[in-house]
Amino acid sequence: MTLRLLSVTSELHPLIKTGGLADVAGALPLALAQHGVEVRSLLPAYPQVLRAAAQARPKAVHSYKALFGGPAKLLAVKLAGHDLLLLDSPSLFGLREGGPYSELSGHDWPDNWRRFAALSAVAADVAAGAVKGWQADVVHAHDWQAAMTAAYVRHGRAPATPVVLTVHNLAFQGRFDARIFPELGLPAECFSVEGVEYYGGVGFLKAGLQYADSITTVSPTYADEIRTPAFGMGLDGLLRGRGDAVQGIVNGIDSREWDPAADPHLAAPFSARSPGGRVANRRAIEKRFALKRGKGPIFALISRLTWQKGIDLIVDSVEHIVAHGGRLVVLGSGDSAFEGALLGAAHRHRGQIGVITGYDEPLAHLMQGGCDAILIPSRFEPCGLTQLYGLRYGTIPVAARTGGLADTIIDANEAALTAGCATGILHPAGAGDALKAAISRAIALHGTPGIWQAMRRQGMRADFGWDRSSARYAALYRALLDRSPAS
Ligand code: ADP
Ligand code: GLC
């Protein structure tokens, strides 16, 4: 039997993306079709989304005279293989100078609480049948931006609809002043420890964790980590209290979009069986980043430049890489101090280090196709996708042993090398010396071509597509529906 799912997200690749959430919200719905799950994705109609949708003729399917301070419409449109519902609210999601969550200065939009409460309230309306002819059986909300969906469903017109909340990153919680509570339109009793109240204010993610029927996060190791004080960011007690309702399901990748044999962004195609095309991609990287030719490995960094991602550790490792014959290419944006430090390193080591700041999807693909190793020294990493793209493209991950990195990379220790199953290099998280030692190990293994090529092949042959994990989500939705009093 077909199950109808409403997916609620603030990003969806290829329409709007700031990170891995968009990749997941863009790929999972497509993979769910094979399991009889029909998905509609609700997301804000940001200007770039509206522009992309215009040619596909969106149709208004619901309207609001006043939604959190302004008129709004729900538009239905089929785009990029997705069945979308776009929340078109000019006052909340219209043209602004900045990103989806923050001003150009990096400060959060002051009305974020209103914008994402609106998205969540509308999700609950859709769950309750606001769009004629379509009723969701289950709702799946992603991250703090959609987490209040669980609260609005519970207190709305279809309170029995099961809600799944996926935590992509516990560090982003959507915390606001208690003064906003009266404007959320929730019953007064919701402002309590069992509801949206969080350390005296309002916590959107916290509310979702409280009200959702099921909580998933994007890897089993991160699911364990967030139940400890060290990784729980204040929510570990609540997560422990939810017991079996919390589980980890590792992310997959869109293996059509990320396929080295048919990737339009590469200089030449290649595959595990015929890796020859990598040479042309390597040359393209050397040219693009103005690197001198060399024998040592080219390390890549493709990342948000933040403390979470351990960028300070990379800045500290630059001299080590160069001194040992390695080269480094960086594509990233974020913290301006990190951007400055990396640009400074490129200036000091012209020809050995290249840095491009900004966001460039095609270049990210080319780097995965042409570099030798990718550095991911995250302090915590719920899942991580760049290591999965690296594995598929033969760019060997050198990564911290945490979260999804620990779940998806097999470290090249003696046992794994002997068994022929190593796919990368893992090191303890958060320590500069450990990263430098891992870089040295990578350079040594790269200098032993037989081993390096075998590791590369092993990674490229592994299947990181969505088949297995989408089956787990589908099974979860069905289990919740079977338990639901409404069914
Ligand atoms: P996170 O979501 O925490 O940023 P992930 O590894 O899950 O980390 O996902 C990051 C995604 O964003 C990947 O698709 C990666 O290729 C992409 N990405 C990160 N920085 C850039 C950039 N500067 N340019 C292009 N793509 C980027
Ligand atoms: C978050 C996490 C990242 C994860 C992504 C998609 O941005 O930081 O680890 O891969 O979400 O789930």
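Strands here are DSSP runs of E with at least two residues, helices are runs of H or I with at least four, and both are numbered from the N terminus. Two strands count as paired if DSSP finds at least two bridges between them. The model is predicted: local features need pLDDT of at least 70, side-chain atom pairs count only at pLDDT 80 or more, and totals for chains, interfaces and linings use all residues. Residues are numbered from 1 along each chain as its sequence is written, chains are lettered from A and ligands numbered from 1 in the order in which they are written, and side-chain values use heavy atoms, with hydrogens and water left out.

Strand 9 pairs with strand 10 (residues 201-203) in the antiparallel sense, over two bridges. Glu197 has Val202 of strand 10 as its bridge partner.

Next comes a parallel pair. Strand 14 (residues 327-334) and strand 15 (residues 353-357) are joined by five bridges in the parallel sense. Gly332 stands opposite Thr357 in strand 15. From strand 14 the chain crosses through helix 13 (residues 336-348) to strand 15, a right-handed β-α-β crossover. Right-handed means that, with the strands pointing away from the viewer, the path from the first strand over the helix to the second runs clockwise.

Now the ligands. Ligand 1 has 20 residues around it, and Lys17, Gly20, Asp23, Arg304 and Lys309 come nearest. A residue is near a molecule if one of its heavy atoms lies within 4 Å of it. Polar contacts are pairs of N or O atoms within 3.5 Å. A backbone N or O atom of Gly20 lies 2.6 Å from an oxygen atom of ligand 1. For an N or O atom in the side chain of Arg304, the distance to an oxygen atom of ligand 1 is 2.8 Å. A backbone N or O atom of Thr386 lies 3.4 Å from an oxygen atom of ligand 1. On its own, ligand 1 has 560 Å² of accessible area, and the protein covers 93% of that. These areas come from the Shrake-Rupley method with a 1.4 Å probe. Strand 13 gives the largest share of the shell around ligand 1, three residues.

Ligand 2 has 14 residues around it, and His168, Asn251, Glu381, Cys383 and Gly384 come nearest. An N or O atom in the side chain of His168 is 2.6 Å from an oxygen atom of ligand 2. A backbone N or O atom of Gly384 lies 2.8 Å from a ligand 2 oxygen atom. Taken alone, ligand 2 exposes 310 Å², of which the protein buries 93%. Helix 1 (residues 20-32) gives the largest share of this shell, three residues.

Two backbone details remain. A cis peptide bond joins His13 and Pro14, with omega about 15°. Phe68 is not a glycine, yet has a positive phi of about 45°.

Technical notes
A polar contact is a pair of N or O atoms within 3.5 Å; within protein, one must be able to donate a hydrogen and the other to accept it, and residues adjacent in sequence count only if both atoms are side-chain atoms.
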